[in-house]
Each structure stands twice: as C-alpha cells, then as structure tokens.
Amino acid sequence: MAKLKCRLVSIYAPKAESKALMKKLQEMSVIDIDTASQDEETAVLPDGYYHTDTKDRANAYERNAETAEDALKILNARYPEKKGLAGLFGGARYLTPDEFYLKRPQIEDALSLANEVIEKDRLIAEQKAEIVRLNTSKEQMLPWASLDLPLSFSGTAKTRAFIGTVAGIYTLDSLCEKIAEADPELSLYTEIVNTGKDVTYIFACCPKDQTERAEAALRQLAFARPVQITSKLPRDKIASKEERAAKCKEKIDECLSRIKEISEKRHDIENLADYCRSRAERYRAVGEIGETEHTVLIKGYIAERDMPYLEKTLNKDFTVVIESEEANEELAPVVLKNNAFARPAETLVKMYSLPGSHDIDPTPVTGFFYYLFFGMMFSDAGYGLLMIIATTLVLKKLKPSPSMRQNMRLFQYCGISTFLWGLVYGSFFGDSIAVISERFFGHRVALPALIDPMNGDAVMMLVLSIALGFVEIIAGLCAKFATCMKNGDKAGAFFDAGLWITTLLGIAIMALGFVAVPVLKNVGIVMTLVSAVGLILTQGRDKKNPIMRLFSGVASLYDITSYVSDLLSFSRLMALGLTTSAMSAVFNMLSAMGGKTIGGFILLLIVFPLGHAINFGLNVLGAYVHTLRLQYVELFSKFYEGGGREFKAFSFKSKYTGLSTENIKEEN
C-alpha cells in the first residue's frame, strides 16, 4: 500500500539484436523507456544510417494505422458492430502471438480492404453531391415541363421568340394588358407556361422587325431568361437528369453493399490498426535509443519488484548487460501498489494527481473514506444491492478492459457500503416495504432502522456526519505527520501535524465532556490549552524576530476556523442521505396512490420502477461528485501535494486487441 521504488536501468545489447529486444520489452510491459537516453557513453551515427530508417518505418506504420482507423470510423458509422453490453465496457479481443503479429500478406490484404472502404465512402460522397446537383437542376427545369420547345429556341426566320419569366403572377389577360400598356403598337403573341412564387413563366413571339420594341416592353416587366438554356425539350432534359440521378443511386447502393461486405471483416482491419500502432511505437523507441556503431543502450525506469523478471527474461533470450541504480525520486515515474480493497481508488487519486516525490500514497485512506461516505450519501439497501449485482455481472460476464474493471470494482465496493448504510437507515427502495404492505395488504411491515432519517433522527444523522468528518480530518493530519517523518521533517511532523491533532482531539473530548461525560471535560480543556500553547510557541519558528515569532504563533490559532469550515462541509453526508430517502418516499407514495385495485397495480408497476430509476440516477451522481469533493478538498488539503509523473510502460497501446500471453487478471 505505497509507491513502489523504481530503479534506473541501463540495457546494453548488440545492435543486431535491438529490434528483437525492443519487441520483447514491449511484450513484457515493465519498463518506462527514457527517450533522452543518449549521453556521453553513446555516439549518434549520421542521419540516413539508422535513425532515419527507423523514423521512416515508424511513420509508415503510423500512416497504415491511421488508414485503418479512418476505415473503421466509416464502418462504425455505416454498419456499426453489434457488440451488446460487452461493447460498453471496452473488453478487448485477446489474440495469440501468431494472430497478433501479422505477416506481410495479411497486412496487405487488410490495408487493401481499408483503402477500399475509404475509396467507396469518397465515391458515395461524390455521387450524393452529384444527385443534389441534378435535383437542383431538375427543379429549375420542372416549371418548363409543358413547353414543347427547347429553352434555347430564339425564333424562326421571320419571328423572334422570348422564353423566360416576368416578375409577378399574371393571367393571360392581365399579362396582355400589361404589355399593351407598355407598348400599344406592339404585336406580341404570348402564352403562359406556368406560374411560380412571384413569377410567371411565359413564351412570347413577335415579328423580327419588332424585336427591339418587344424587348423594351418585356424589360418593364422584369423579364429574365431561364437559368438553364438547353437545346433539348424541357421534359426530355428532366427525364435525362432523373436517369442520371438513378444511376448515381445505383452506384451508391453498390458502394454500400461492398462496404457492408467488408464490415464482416472488420476484425482484420482492427488487427491491422493495433499491430501497426504497436510497430510504429516500437520503431519510434528504437530510433530514440542510444547507440554506437555496434551497440545500443536502452535506458528506462522499472519497478524494483520487476528487476528479477527483466534480468531472467533478457539474459535467457539475448546477449545483454543490465545495470541498474536507484532512481532519482524527483525524476522517477510513480508506480502505485495497493491491495484489492484500495486499488480501485487509484483511479480517484490519478484524477487529482499522482503523488509527488515528497508525498505518501493517499490511496488507502482515500479508498476507505470514499466507500464509507458514498454509501452514507446514497444510503439505500435496494440501490446498493442493484449496484452489487450489476457490477458483479459486468466483472464476471463481460470481460471489461483493465480501466473499466477498476471502475466496476470501485462501484462494487460503493454498492456494498450503500447496502450496509441502507440497513442502518432501514431503507430498501425507501420505505417501499412499509408503504406497499400497508396499501395493498392492509398490514404495515417495515424494516428495522438504527437511524431513521425520515422520522426524527435527522439530528443524529448530522452528528454522525460531523463525527465521521472529524475522523477523516484527523486521518489527514496523521497522513501529514507520516509525510513529514518520511521526508525527515520531524519538527513539522510534531509541531505542524501533531499539535493540531491533539488540539482538535482536545476540543472533541471537551465537547463530549460538556454533552455526555462530565469527567472528560477537564481533560479536554487541559489538552486543548496545552496544545494551543504549543502551537503559539512553534508555529512561528521560521521567524528570526522573537516578537514576530510569537505573533505568528498566535495568528496560527485562527486556522481553527478552517477546520470548523471543513467539519461543516461534512453536513452534506446528512443532506444527500436525506435527499435519497425523501425522493424515495415521494415516489413510493405516488406509486401506491391507486390502492388495492387493478388500476392501482398498474400504477405501481409504472411509477415505482420509473421513479426509483430517476432517484437512482440523480443521487448516484450526487454521491459520486460530493464524495469526491470531500476527498480532494477536506482530506488532500491537509497533507497532499501531488505532481507525480505516471509510469508509462513500453507496451502495446492497443485499442481493439491484446496479446493472450498478457496477464489480464487482477493482482491478488
């Protein structure tokens, strides 16, 4: 239950074995490679000899991985894989080494499929764009469908024809009148082909010698030529566009059909993406290691517990020299090691920040209080039982990814805590047992409760919440004491942490003496006063001036207000517990309103699950967030700084698959 010690390891090997060695290290997943490993012991060869080659190879594999990912995005968008519940929890497909390490023909086949998917998708987009263009063009031509002349028709040897639109909606009579008003002497034959929104589609014809007069008259009516001028009849043009659009649709269907066929081989493309990504990462690492003409040097950090495994494996398969030294704690990455109970809480610590070089691992204390307070806030045995069942099924049946497995463990322990606190409060889906038994069976049966928040025990809940908050604050100060001792700061441990622990304990004992046990009152007063004097004398010890030292010590007592504020923050334990119980009671009352009737049973079957689903969703989120806040603000502020760098093992960063030789079971 601590941070594991890391060692800085140096691995010397013949250059001829470097690629195989990196492959083995990637499989072992125990070393965090230091990419700045080149130093005065190694000389870099000119570009183009070794590093350039590996860089090009890395880029090539990365491009292949990106191609595969692009193809998978298309497949997932058009024909998503039906994964069921297992797909929600990130379970990987584990492959044997022969399946994971693809041969060249397999790479070429999968890459060909990926490129074909991308090409077909591009073709679909082009055909869809063409259909839009054809439909737009068709819409422009539709008003002229009844015209038996091509839109390019301009007249005969003796006449001048005009085909176009005029502004406004006219009948034939009103249009002729309007033309006559513009030019009474004009002889213009006119037909109305169609009418649209604020325009009239017309065909007009006049003797050639009146062309200029006709143009002038039509100009007054805002005459405009058609957008499309074609030598074909409009109806033929429309039919042509419809035929072309149909062919585009056929091409789209063909492409979709082919993409659907390829989707059946989705796993081949997923394997390609993971394999190429792992190869790219390996070549990048190879290109960054130190080297001479015949030798390579790989430097990195490794947990001290993994050193025997590394030495045994590499000495068995390679010609290597392995040296190690104790790592600089300031530079070394952080590896956490906790038991099965505390390990899920590592996720919470990482969300905040990993412990720095001067910190202790806060995971055990964080996990204990997180489980405890989550259950106290959610506080319903029925909800806790649902969480236990759901998380157990996911862990046993769906094979979630390691990160998801940790989250499921976290909520499983929170569910156990919720179940136990629900028994303390006598809450199983609220007061559902009492309400249903009374309304439908005429006899009230209720779960026994040690604390009944809905019937007068809210003050006891508040006192319990503050008391548990006090325990967490003391635990935080004890952690500060341990941190100071770890860093050799004995004065800080005893004066900055120890005296505050005794001060707060003294106040608590004094309060207990005034309320319940009078004999403890004087003990608490003496303990508090002695501790306060100790704080006054020690909290300004960094000041050289005696007066400033004394003033700083007196001023430090003001910090008691921050502890009071922290304690009051724990009242949210009561508030959220009451919220869960109150909402449950409301939904139970609503679901039982129909009484012992057919309608009442129907109402019960609808309102009860729906209401409790709403209550569950709202309050599980509230419990998660507020419990997290209590850890980050009220606990971590007492002793924790963070800022550590996460240990990133050189391994397969696969998204869809994993090697079956990997240990996928949780540590005991």
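Predicted model: local features only at pLDDT ≥ 70, side-chain atom pairs only at ≥ 80, totals over all residues.
Two packed helices are described by the angle between their axes and the distance between the axes. The axes of helix 15 (residues 458-486) and helix 19 (residues 560-569) cross at roughly 130° and come within 8 Å. Helix 15 and helix 19 are therefore oblique to each other, and the crossing of helix 15 past helix 19 is right-handed. On the side of helix 15, the residues in contact are I466, G469, F470, I473 and L477; their partners in helix 19 are Y563, D566, L567 and L568. By class, this contact comprises 7 nonpolar residues, 1 polar residue and 1 charged residue.

D566 of helix 19 is also among the residues touched by E634, which is located in helix 21 (residues 598-639). With residues up to four places away in sequence left out, E634 touches D566, S569, F570 and R629. A polar contact of 3.3 Å links the side chains of E634 and S569. E634 has a relative accessible area of 2% and is buried, because this value is under 20%.

Positive phi values in residues other than glycine occur at S29, where phi is near 55°, and at D198, where phi is near 65°. S29 belongs to the loop between helix 1 (18-28) and strand 3 (31-33), whereas D198 is placed in the loop between strand 6 (189-195) and strand 7 (199-207). The relative accessibility of S29 is 30%, so S29 counts as partly exposed. D198, with a relative accessible area of 53%, is exposed.

Technical notes: Residues numbered from 1 in each chain as written. Heavy atoms only, no water. Axes fitted to C-alpha atoms, helices over the stretch in contact; angles between N-to-C directions. Helix = DSSP H or I, 4+ residues; strand = E, 2+ residues; numbered from the N terminus. Parallel < 35°, antiparallel > 145°, perpendicular 65-115°, else oblique. Left-handed = near helix turned anticlockwise from the far one by under 90°. Contact = heavy atoms within 4.5 Å. Nonpolar A, V, L, I, M, F, W, Y, C, P; charged D, E, K, R; others polar. Buried < 20%, exposed > 50% of the residue type's maximum accessible area, 1.4 Å probe, protein only. Polar contact = N/O pair within 3.5 Å; in protein donor to acceptor, adjacent residues only side chain to side chain.
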